[in-house]
Amino acid sequence: MSKINAIITGIGGYVPDYVLTNEELSRMVDTNDEWIMTRVGIKERRILTEEGLGTSYMARKAAKQLIQKTGVDPDTIDALIVATSTADYKFPSTASIVVGKIGLKNAMAFDFWGACCGFLYSLDVAASMIQSGRYKKIILIGADKMSSVTDYKDRSTCPLFGDGAAAMLLEATEEQDIGVMDSYLRTDGKGLPFLHMKAGGSVCPPSHFTVDHRLHYLYQEGRTVFRYAVTNMSNDCVLVAERNGLNKDNIQWVVPHQANMRIIEAVAKRLELSMDQVMVNIEHYGNTSAATIPLALWDNESKLRKGDNMIFTAFGAGFVHGASYYKWAYDGDK
């Protein structure tokens, strides 16, 4: 019996129309374009400004584009997963809302909370579901409305984040040496003090005090997170590359989480790759958390060729981190 593997067969994406530039941010907090570009490499970010719209709106827009592009019959989708840290509600799941809005009749659905590693972790989960033989087609969405948890009075964090979503179709195949090949995913559990939201969960439920003291926004100790991210993403990529016989001569692409340009450059340097081999769109979108890797693939799909060796890597709150080896399954300009 042939081994079943999981392959990406299409990508859809969505970013909001509103562009929040560094110039506009400089009128909100004490910052400027040069400071932001030098430290993180972000020029602008997209923000979902329409009242009453959340992460599910962007997720379903990306999913609808995916379904239209691929021509997949919605009734054949077995599962839909939304990787997010900014769910519409505590419950029900954002995925269940998306399923209802796009009319999937035969799909189970759930959210995956893995912070900025959400897409990387959920890709491994979705691939395993397909490899089990029980699922044939899964829609995997990375989506976050980071503006909803960003304090626009905090100059250290407000330039970093944006909103967006990207969806991909994962399908079963018996073709060998293609698709999800390997992954190394870890959680060290040391990150709570350095990256978290102080209130809104069961430890510190919402109250007048938590609102008045602005405790429902993302908190980050940037230097510590930066150091951990560089070390772990670089080490994870090298480990995955070495155990799969990959090197600078046969890696076509690295697709890193888009959190900081200096982190991305450090990962490329560790792998001895030129920046031409690294997918980068942080300048235009900022950090969209679980959406960064699939958005980078969506932006660069036309450049991809069947058989391209790719390493995905990410780092996020927890701390969670990892890298995956993926072999691309189709020509992007098909």
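Trainee: Which strand is the place of Ala166?

Mentor: Ala166 sits in strand S7, residues 163-173. A strand here is a DSSP run of E with at least two residues, a helix is a run of H or I with at least four, and both are numbered from the N terminus. This is a predicted model, where local features need pLDDT of at least 70 and side-chain atom pairs count only at pLDDT 80 or more, while totals for chains, interfaces and linings use all residues. Residues are numbered from 1 along each chain as its sequence is written, and side-chain values use heavy atoms, with hydrogens and water left out.

Trainee: Why is Ala166 called buried?

Mentor: Buried means under 20% relative accessible area, exposed means over 50%, and partly exposed is in between (1.4 Å probe, protein chains only). Ala166 has a relative accessible area of 0%, so the word applies.

Trainee: What is Ala166 in contact with, leaving aside its neighbours within four places in sequence?

Mentor: Contact means heavy atoms within 4.5 Å. With those neighbours left aside, the contacts of Ala166 are Gly12, Gly13, Ala62, Leu140, Ile141, Gly142, Pro294 and Leu295.

Trainee: Why does Thr173 count as buried?

Mentor: Its relative accessibility is 14%, so Thr173 counts as buried. Thr173 is in strand S7 too. The side chain of Thr173 reaches the backbone nitrogen of Glu175 at 3.0 Å.

Trainee: What makes S8 and S11 edges of their sheet?

Mentor: The open sheet in question has 4 strands in the order S8-S13-S12-S11, with mixed pairing. S8 (179-187) and S11 each have a single partner strand, so one side of each lacks a neighbour in the sheet. S8 pairs with S13 (residues 320-327) in the antiparallel sense over 8 bridges, with Leu185 opposite Gly322 in S13.

Trainee: Which side chain makes a polar contact of 2.7 Å with that of Asp182?

Mentor: That partner is Arg243, and a polar contact of 2.8 Å joins the side chains of Asp182 and Asn244. The term requires a pair of N or O atoms within 3.5 Å; within protein, one must be able to donate a hydrogen and the other to accept it, and residues adjacent in sequence count only if both atoms are side-chain atoms. Asp182 lies in S8 and is buried, with a relative accessible area of 17%.

Trainee: What puts the buried residues on the same side of H8?

Mentor: In H8 (residues 261-270), Met261, Ile263, Ile264, Val267 and Ala268 are buried. They cover an arc of only 160° around the axis, which puts them on the same side of H8. The arc is that of the directions from the helix axis to the C-beta atoms. These buried residues pack against H7 (222-243), S11 (253-256) and H9 (282-285). At the N-terminal end of H8, Asn260 is the cap, with a side-chain oxygen 2.7 Å from the backbone nitrogen of Arg262.

Trainee: Which residues of the largest nonpolar core touch the most other members?

Mentor: Among its 41 residues, they are Ile251, Val254, Leu271 and Ile311. H7, H8, S12 and S13 are the elements that give two or more residues to this core, and H7 provides the largest share, 8 residues. A nonpolar core is a set of buried Ala, Val, Leu, Ile, Met, Phe, Trp, Tyr and Cys residues joined through side-chain atoms within 4.5 Å. A second, separate core has 40 residues, including Ile8, Ile81, Ala126 and Ala296.

Conventions
Pairing = 2+ DSSP bridges.
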